[in-house]
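Open the model in your viewer and keep the selection panel at hand. The tour below goes from stop to stop.

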Amino acid sequence: MSQIDTLIIGAGAAGLSCALVLGSGLEKEFALGKSVTLIAHQKTSHLQNALFNNVLGLKPGTLGKDILDEGLIQLKNLYPKVSIIEKEKVNAVVKSEEVYIVTTNKAEYKATNVVIAVGYTSLITIKGLENYIEPHPRAAIEKDRIWLRNTNHIVDENLFVAGTLAGWRSQYAIACGSGAQVATDILTVWNNGKDAKIHDKV
């Protein structure tokens, strides 16, 4: 089993945003040879039922389900070095010495960094995360939402969380920004601690 440098779990707003920013950085000298994989299990994404009229850059009437589909196509077309695993559900994320073992319903993966970017419902079933789960600090108690306790998106060493599960409000732009922040934090680590941002220019 080869070791993945960064494994992203979840392909909603936060997960796709994280994968796109990391994918765009793989050509940088400091990231050469790094590997990024996205497990694109999307069935519980709140984007499935979303309608966007108030998001900068999106045409009013844009549907969340279309973003889910088009986001994966964008990732595949622009950054084919990012591996995408579809039709697998993550069952466990367990720390084993210096790596994480991520088990799905079909396979097992070994990763240095893991980014958890799934939804913030209390129905989360990923074993190994139980000790980090707390009531969501920015959601109504009656909605029974959760977060993974973290500091600046870091849950534990090399274990990150992004989007609503990181404690942010359920707004598309916020979730995207959270995923991008995690990606730039990982790029910065790869760049020996020197701040790394990836901008495309005309």
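**Stop one: the cores**

This is a predicted model. Begin with the largest nonpolar core, which has 39 residues. Select Ile-8, Leu-22, Leu-38, Leu-47, Val-115, Tyr-172 and Trp-190; they have the most contacts inside this core. Now colour the elements that give two or more residues to it: H1, strand E2 (36–39), helix H2 (64–78) and H3.

Then pick out Leu-7, Ala-111, Ile-126 and Leu-165. They are among the residues of a second, separate core of 25 residues.

**Stop two: H1 against H3**

Show helix H1 (residues 13–25) and helix H3 (residues 172–190). How do their axes cross? They come within 7 Å and cross at roughly 35°. The crossing of H1 past H3 is right-handed. On H1, select Ala-13, Ala-14, Ser-17, Cys-18, Val-21, Leu-22 and Gly-25, which make the contact from that side. From H3, the contact residues include Tyr-172, Ala-175, Cys-176, Gly-179, Ala-183, Ile-186, Leu-187 and Trp-190. Of the residues in this contact, 14 are nonpolar, four are polar and none is charged.

Move to strand E6 (residues 90–96) and strand E7 (residues 99–104). They pair in the antiparallel sense, over six bridges. Select Val-90 and look across: its bridge partner in E7 is Thr-104.

Technical notes
Residues are numbered from 1 along each chain as its sequence is written. This is a predicted model: local features need pLDDT of at least 70, side-chain atom pairs count only at pLDDT 80 or more; totals for chains, interfaces and linings use all residues. Side-chain values use heavy atoms; hydrogens and water are left out. Axes are lines fitted to C-alpha atoms, for helices over the stretch in contact, and angles run from 0 to 180 degrees between N-to-C directions. Helices (H or I, at least four residues) and strands (E, at least two) are DSSP runs, numbered from the N terminus. A crossing is left-handed if the near helix is turned anticlockwise from the far one by less than a right angle, and right-handed if clockwise. Contact means heavy atoms within 4.5 Å. Ala, Val, Leu, Ile, Met, Phe, Trp, Tyr, Cys and Pro count as nonpolar, Asp, Glu, Lys and Arg as charged, and the others, Gly among them, as polar. A nonpolar core is a set of buried Ala, Val, Leu, Ile, Met, Phe, Trp, Tyr and Cys residues joined through side-chain atoms within 4.5 Å. Buried means under 20% relative accessible area, exposed over 50%, partly exposed in between (1.4 Å probe, protein chains only). Two strands pair if DSSP finds at least two bridges between them.
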